[in-house]
Amino acid sequence: MTNVEAPDEAAPTAVANRMADPADHDSAASARPALLASAAAATAMLAACGGGGSDGDSGSFPVTVDFTTAGYANAAPATDADAARFLQQAQFSSTVEDIASVRSNGYVMWLATQFSRPLGPTGWDWLEARGYGVADSNSYYFNMYPAEFMLWNQLLSGPDAMRRRMALALSEFFVASMSSAEFTWRSHAYASWWDMLVRNAFGNFRQLLEDVTLHPAMGWFLNTKGNQKENNSGRVPDENYAREVMQLFTIGLVDLNLDGTPRLSNGQPVDSYTQSDVTNLARVFTGYDFDTSDGVRIPVDSYTIESRAFARKPMALNESRHSTLAATFLGTTIAANTPGRAALGTALDTLFNHPNVGPFFARQMIQRLVTSNPSPAYVAHVAAAFNNNGQGVRGDLKAVWAAILQHDEARGPQTLASNTFGKLREPMLRFIQWARTFGAQSAAGSWKIFELSNPANQLGQSPLRAPSVFNFFRPGYVPPNTSLTPSGATAPEFQLVNETTVGGYLNFMQDVIERGINCPNPAVPQAAWNNYQYDVKAGYARELALAADATALVRHLSLVLCAGQIAPNSANEQLMVNALNATAVTANSATDVKLRRVWAAVLMVMACPQYLIQK
């Protein structure tokens with residue numbers, strides 16, 4: 001690996017020249033250390049600034065290439081559309097500036113820069129700066145809307161876009177929904193939850209699993225908070241987290257091959273765990289509760305509440321409430337009377353080292369970022385990177401993201417022509433992409449956007465608002481009565497689609513594109529249901545400059561929104577151009593006339609099939 005610091009962007013052509021043809025993932029893994037060293041040596045003049053820094057982050061920082069770069073057929077984008085496609089998988093958007101950065105640096109250099117980029121501002125600090133940590137008559141401690149505002153601020157603006165994109169993907173795997181939170185300082189707890197996902201996004205799965213397990217938000221959501229040992233009156237440990245940590249967060253329901261396909265015995269899938277495993281593992285997750293050891297009580301009206309400090313501390317263990325029974329699960333036994341912390345460590349190590357975790361996690365992350373129905377070979381490649389990052393480390397998330405984004409199915413032109421490749425863009429991702437692509441900002445800095453889960457007139461989806469622990473959709477969902485049904489091809493995001501959600505999305509985006517988000521009294525932090533203003537708005541400066549040329553405008557939007565998937569001179573492009581040209585616009589037209597054309601063009605592109613299906 002290499003660790004360098006340089007002032008500006010450079011084109012790492014040496015890396016491109018060193019890329020070999022794709023090889024079998026097992027043989028590639030054996031050669032990884034040497035190949036990694038070769039790639040690292042080729043980056044000695046890497047420029048550390050830029051590469052996704054269109055949101056204002058600047059300054060030099062050390063850049064380390066510490067992931068496998070060899071064995072991929074496409075080292076650098078051949079076209080702007082290739083760069084845009086990569087960016088839309090790796091982060092939320094592909095601005096003209098970002099496209100130029102990827103074309104200059106290549107995929108490896110861009111990834112290395114993002115992995116090395118310092119953490120951006122935290123959600124917790126944003127809440128504190130906005131005054132939401134004060135216990136006053138606004139009752140922020142009992143409200144969730146400060147967390148909504150914080151999340152939209154984090155997602156719609158600011159630096160560190162790739163890290164935040166991966167954190168959002170992780171939030172749909174490790175689900176702890178805000179929708180059921182009913183405890184004090186809940187917004188701070190979910191700011192801490194979000195910050196934890198962001199912090200771990202480029203870390204190790206084992207640490208992430210532990211941080212998820214002990215987080216107050218998860219403790220509340222899946223009942224480890226206050227979970228107690230068995231007693232003589234018939235009380236038994238709550239099994240909720242024990243079941244879900246296996247079924248949803250680590251190993252899944254059936255044993256898997258490396259490529260994610262079920263392992264069969266006599267032609268039937270093999271269960272990965274039993275009810276006995278659940279019952280025994282549940283004993284490990286007893287004795288934990290919010291850490292209020294600071295003893296601070298804050299007077300509020302006629303009662304007191306705890307300080308917000310617990311909301312970002314791991315849950316505390318009370319040994320007297322922890323089960324002392326032996327626990328046998330997944331082939332591991334924790335002896336009776338093992339201290340709680342040691343028992344937890346053994347349990348999480350057992351889960352982390354289970355052979356299912358790599359393919360189970362890999363497939364779902366490929367689904368979130370690239371394609372709904374990845375090939376077994378694609379899953380196996382990413383699972384192998386999870387199992388060994390090339391340096392003998394298991395669970396390195398940077399290795400996982402790099403393997404997903406560099407793979408030939410993500411980068412190669414052949415999948416663009418396939419009608420079975422790609423994924424439906426999630427509604428919240430479309431909204432985030434709009435904001436980042438067109439530079440939306442909150443004029444007041446308050447980002448007062450509430451939950452957008454209403455399917456009739458909003459997105460039908462909102463971050464950290466999954467309706468259950470099973471996320472917004474199931475990873476194995478196959479749309480019924482469609483061309484996908486006979487083959488069993490999965491398309492999870494289609495579980496959100498119906499007549500209501502389609503109409504709701506279009507109506508919501510039409511208003512947002514034209515006017516922005518109507519926010520209550522943006523000048524104050526509290527909800528304040530008065531003095532509404534369109535505070536969060538996009539600028540469209542680049543688009544206004546193209547407004548007089550309908551064809552140029554549509555092609556620009558095709559590039560930045562859907563990676564050039566609206567083919568030049570295609571029937572779809574011509575339909576849009578003709579619709580725009582129905583109203584004459586010239587270079588001398590008034591700004592409002594140009595804006596109306598821009599708004600119409602953006603909406604048409606964001607409603608077309610080439611946009612909705614991301615390839």
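1. Cysteine 608 is buried, with a relative accessible area of 5%, where buried means under 20% relative accessible area, exposed over 50%, and partly exposed in between (1.4 Å probe, protein chains only). The closest cysteine sulfur belongs to cysteine 562 and lies 5.1 Å away, which is too far for a bond. A disulfide is defined as a pair of cysteine sulfur atoms within 2.5 Å, and a search of the whole structure finds 0 of them.

2. Some notes on the source of these values belong here: this is a predicted model, in which local features need pLDDT of at least 70 and side-chain atom pairs count only at pLDDT 80 or more, while totals for chains, interfaces and linings use all residues. Residues are numbered from 1 along each chain as its sequence is written, and side-chain values use heavy atoms, with hydrogens and water left out.

3. Leaving aside neighbours within four places in sequence, tryptophan 401 is in contact (heavy atoms within 4.5 Å) with residues including Phe115, Met162, Met166 and Leu170.

4. Among these partners of tryptophan 401 are Met162, Met166 and Leu170, which are also listed as buried residues of H8. In helix H8 (residues 161-171), 11 of the 11 residues are buried, so this helix is largely enclosed by the rest of the structure. Arginine 163, another of the buried residues in H8, forms a salt bridge with aspartate 160, the closest N and O atoms being 3.4 Å apart; a salt bridge is a side-chain nitrogen of Lys or Arg within 4 Å of a carboxyl oxygen of Asp or Glu. Aspartate 160 is itself buried, at 4% relative accessible area.

5. Arginine 206, buried at 14% relative accessible area, forms a salt bridge with glutamate 210 (2.9 Å, N to O), and both residues lie in helix H10 (residues 205-214), 4 residues apart, about one turn of the helix. Arginine 206 also forms a salt bridge with aspartate 349, with the closest N and O atoms 2.7 Å apart. Aspartate 349 lies in helix H14 (residues 340-352), so this pair ties together parts that are 143 residues apart in sequence.

Methods
Helix = DSSP H or I, 4+ residues; strand = E, 2+ residues; numbered from the N terminus.
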